[in-house]
Amino acid sequence: MISLDDIMLQVGNEYKMKCIAGKEGCSHPIGWVHIVEDPTIIQFLWSNDLALTLGLGFQSEKALMDCIIKLVKRNCVGLIINTGKYINEIPDSILRYCDQNQFPLITIPWEINVNMVIKDISIRCQQDSMGEQKLAQYFIKGFKNEEKLEQYRDELKSHFDTEDSFQISIVHISNLENTDIQHQRILARLQFYFGTIQCKYIFFWYENNLILITNNLPMHSLQSLCEKVIHITKIKLEDFPVFIGIGNSEIDLKSLPKNYKKAKAALKYALHFNHSISRFKDIGMYQILYSIEDESIIENYYRECFHPLIESE
């Protein structure tokens with residue numbers, strides 16, 4: 001997904017953008033951009049949203065600080081301030097707060113047309129989202145039919161190193177209502193919690209779970225990333241317990257359909273034993289049991305083989 005780093009690289013000079021604080025947070029993906037001139041608007045923003053203000057409603061240090069604190073609590077990815085009329089200088093206390101919270105604070109001079117900035121970033125976000133949806137469909141079709149994935153190799157090659165390693169993680173969110181709006185909100189929050197992923201990757205919904213495909217990410221880094229997300233969600237999403245099944249790291253695009261099934265088996269294990277995270281390589285004999293998609297086979301085997309032994313004791 002497109003990030004503030006991308007925006008700064010692509011149009012930063014054109015719009016005279018300067019990141020004056022919170023630079024370490026510039027790699028978070030941007031969901032959408034909104035103009036904010038009233039603090040009551042902030043409650044309607046989602047995780048990963050980018051805010052832009054002329055400063056009309058935040059001319060005092062306290063008002064601007066309160067605005068930024070609320071944006072941070074909403075998991076927004078940054079604030080662009082159109083300086084020169086309502087806000088001329090940013091107080092040091094605000095710069096320190098943004099640095100401490102890795103919250104990007106970007107300025108553009110008053111002569112820049114903010115409507116053009118909003119339009120430009122919005123178009124880039126929309127194009128990026130459409131591209132992500134198209135890529136997700138390639139993977140989904142490949143999960144259903146291995147031959148399909150090979151047909152899409154050329155299209156995927158422009159976004160991924162298709163001959164290098166891939167990792168699949170399946171994120172299950174319990175107590176989630178089956179509504180598009182809640183799916184979008186949870187997806188935005190989880191993308192923010194996953195934060196910076198140091199590789200090429202994609203998120204998408206499939207079979208009521210969130211799928212994370214990473215490209216050439218070391219397994220220990222993926223494990224640490226998932227542990228961090230679980231820690232955050234236990235605090236931030238306590239009503240929605242999160243479970244993660246992690247497949248193997250396997251070479252080449254063609255490995256993905258089978259690796260997806262391994263991640264599903266790991267997730268089944270996690271859900272059954274109430275483990276927040278399970279890796280396929282660590283679940284022993286359950287690799288076989290949970291790889292059987294027809295659960296009636298397991299039930300019949302239990303009744304025929306194990307149940308008589310238990311009854312005889």
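## Helix 2 and helix 3

Angles under 35 degrees between axes count as roughly parallel. In this predicted model, helix 2 and helix 3 pack at an angle of about 10°, and their axes lie 10 Å apart. The two helices are therefore roughly parallel to each other.

On the helix 2 side, the contact is made by Glu61, Leu64, Met65, Ile68, Ile69 and Val72. Their counterparts in helix 3 are Ser93, Ile94, Tyr97 and Cys98. Sorted by class, this contact has 8 nonpolar residues, 1 polar and 1 charged.

## Pairing with strand 3

Strand 3 (residues 50-53) runs parallel to strand 4, and 4 bridges join the two. Within this pairing, leucine 50 has glycine 78 of strand 4 as its bridge partner. The chain gets from strand 3 to strand 4 by way of helix 2 (residues 61-73), in a right-handed β-α-β crossover.

## Pairing with strand 5

Strand 4 is also joined to strand 5 (residues 105-109), by 5 bridges, and these strands run parallel. Here asparagine 82 stands opposite isoleucine 108 of strand 5.

Terms used
Residues are numbered from 1 along each chain as its sequence is written. This is a predicted model: local features need pLDDT of at least 70, side-chain atom pairs count only at pLDDT 80 or more; totals for chains, interfaces and linings use all residues. Side-chain values use heavy atoms; hydrogens and water are left out. Two strands pair if DSSP finds at least two bridges between them. Helices (H or I, at least four residues) and strands (E, at least two) are DSSP runs, numbered from the N terminus. A crossover is right-handed if, with the strands pointing away from the viewer, the path from the first strand over the helix to the second runs clockwise. Axes are lines fitted to C-alpha atoms, for helices over the stretch in contact, and angles run from 0 to 180 degrees between N-to-C directions. Angles under 35 degrees count as roughly parallel, over 145 as roughly antiparallel, 65 to 115 as roughly perpendicular and the rest as oblique. Contact means heavy atoms within 4.5 Å. Ala, Val, Leu, Ile, Met, Phe, Trp, Tyr, Cys and Pro count as nonpolar, Asp, Glu, Lys and Arg as charged, and the others, Gly among them, as polar.
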